Amino acid sequence: MAWNKPLKEVATSRPLFLTIYATVIVGILVSSFYVFSAVFSSSNSVASPWLPNSVASGDDRTQTSPPSFTQAANTSNQVVARISPGSASQHTKKTLEPIWKVLPPGSKMPPLETFKLTKELVQQRVKDNVIVVTFGNFAFMDFILSWVKSLSDKGVDNLLIGAMDTKLLEALYWKGIPVFDMGSHMSTIDVGWGSPTFHKMGREKVMLIDSILPFGFELLMCDTDMVWLKNPLPYLARFPEADVLTSSDQVSPTVVDDRLDDWRQTGAAYNIGIFHWRPTPSSIKLAKEWKEMLVADDKVWDQNGFNDLVRRQLGPPVDEDSGLVFAYDGELKLGLLPASIFCSGHTYFVQAMYQQLRLEPYAVHTTFQYAGTDGKRHRLREAMVFYDPPEYYDTPGGFLAFKPNIPKNMMLDGEHNIESHFALVNYQIKQIRTALAIASLLGRTLVMPPLWCRLDRLWFGHPGVLEGSLTRQPFLCPLDHVFEVNVMLKEFPEEELGPAINIREYSFLDNPSMPKQVKDSWLDVHLCQEGSIGCEVSNSTNKAGILKFPKRGTEETFKTVFSHFKDVKVIQFSSMQDAFLGFTDKTKEERFRKRVKRYTGIWCCVVDHTPGHIYYDIYWDEKPGWKPKPPQTPEEDHPPL
């Protein structure tokens, strides 16, 4: 054989060379064995971009055309480091498999047991010994995608999603998002805030923390109804001595820079929607006791339980500079993330505290809002931090927008009180009512205008704004302060309430995700006084491309003129004041009125009056002498239907 001659030469050579030749030949044989083993095993395994190892598939589910999330695509080529527990330092630098890496067509879904939460699975996504985790069910799929993208866009890829149902697990897997099975077998629908199932979800969070901390990794645990605005990991690393760093519901600033909030001045609840845990004996002890508390009493709300335990002892400070405080058992080092930059729904959407203090926010959590999941989604869309698919920005029928043109005196003159607040809001409500009617008539989606308020909305009596907060008056208020967003998006029988009227957030047309073909297909409509120069019913635009349209248009006039512009994506009116006389068809008018009467909500609340809320009325102007006042009797306490 070809290698026989070298062996003979070796036999007559010195022992040193004999050893060298033997070592080389053995090395070649061993390398060949691993090469053939790798080739053989790869043909019998399921390709997975991030699971701990290749696994034999007992599942015949295939994905011939993996779904894609085009706005979040990440096609960079990176190599995953396969690290088994104990094989390397926990602080080993490694490159993680990229998020959003969709598997090739024909790939098979691994067995469910592959996704079981283990130290090995978590370690595949750990970087600098930190893992970022959220969880949810399929009803929150769009929130989870937004959450993931808010991190991956900032270069944070050491993340994991806990799936509470198999439908979510499979959907995330095919999108290339690291996911594990929580074994919850939960419903795939929205369970609703405060429901028993909602509280069960909260308990699952505590179980997760108790399970992951003993693995030895730092854990940044988040709710899905929040997004990241800036990479938080460098900030958290500034406090290496902290066992737990938690957000809070604090609405007044205790610091004016990016230091931790002052624990002595923070009287609000600690909010467990965003908090960071280090795997120390004291934090592991806290997680265990917290879990045992909830298991023993299913009536204890997870957040209340956390606050009760942590505040069992509060003080003294750990040192003079860090802002940390000894809490819980006297050994736990606790820090409070500043509410100005780890924002609640109030400090971000109402106060814009970070803007007033000239700070850069890290996160926003959609608390302090009034329309359930739909309200949370709408607020994030208003802030342009929610990631929708392309079809959201180019819907059939096109869009209708308008400028509210609010008089200066309504915004700024006089005292900020109930009367001036309702005068301002009612002026806007009337124009929105007209816009809803025109949108319904033309079959277009209404882009809601920015909504201005003089008074804040809360759940209790207050003087107009929260004392100590930085709420400016007037302020740009979220849509759910005035309108029942969840009702506006709800499906109703068309034969009873007429056709659905789709809406978009006020910032919609400014969103960077708006496609060029929509931006370039635009018609400006200026309302004019009939009889004035150039003001006549026509479908011709002037040299500037503007269509002049007479005020107090009839249903027939609108249909006649705007049928010529049905292919225009965006039609924007200069105002809605006196734009439309109403539907000619009385049945259509009645159904429309029944629908939109459900759209407005309440303002809350007058001090020292029960009940203290006041109902908004979308047809307030049709009731002579209408005044904003709370219900005087139980019989009056109902929406103005």
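At 9% relative accessibility, C528 counts as buried, where buried means under 20% relative accessible area, exposed over 50% and partly exposed in between, with a 1.4 Å probe and protein chains only. A disulfide joins C528 to C535, with 1.9 Å from S to S; the term disulfide stands for a pair of cysteine sulfur atoms within 2.5 Å. The torsion about this S-S bond is about 80°, so the disulfide of C528 and C535 is right-handed.

A word on the model itself: this is a predicted model, in which local features need pLDDT of at least 70, side-chain atom pairs count only at pLDDT 80 or more, and totals for chains, interfaces and linings use all residues. Residues are numbered from 1 along each chain as its sequence is written, and side-chain values use heavy atoms, with hydrogens and water left out.

**Disulfides**

How many disulfides does the structure hold? There are 3, listed here with their S-S geometry.

| Pair | S to S distance | Torsion about S-S |
|---|---|---|
| C453 and C477 | 2.1 Å | about 60° |
| C528 and C535 | 1.9 Å | about 80° |
| C604 and C605 | 1.6 Å | -85° |

The disulfide of C453 and C477 is right-handed. This pair links distant parts of the chain, with C453 in strand β17 (residues 451–453) and C477 in strand β18 (residues 475–477), 24 residues apart. Helices (H or I, at least four residues) and strands (E, at least two) are DSSP runs, numbered from the N terminus. C453 is buried at 1% relative accessible area, and C477 is buried at 3%. The link of C604 and C605 is left-handed, and both of these cysteines are buried. With the bonded cysteines numbered in sequence order, the pairing reads 1-2, 3-4, 5-6.

**Sheet and helices**

An open sheet of 6 strands, with parallel pairing, runs in the order β19-β16-β15-β22-β20-β21; two strands pair if DSSP finds at least two bridges between them. Its edge strands, β19 (503–504) and β21 (546–550), each pair on one side only. Strand β20 (residues 522–528) pairs with strand β22 (residues 570–573) in the parallel sense over 4 bridges, and L523 stands opposite I571 in β22.

Helix α14 (residues 418–442) lies across β15 (399–402) and β16 (445–447), at about 155° to β15. Helix α18 (residues 555–562) lies across β20, β21 and β22, at about 165° to β21. For these angles, axes are lines fitted to C-alpha atoms, for helices over the stretch in contact (heavy atoms within 4.5 Å), and angles run from 0 to 180 degrees between N-to-C directions.
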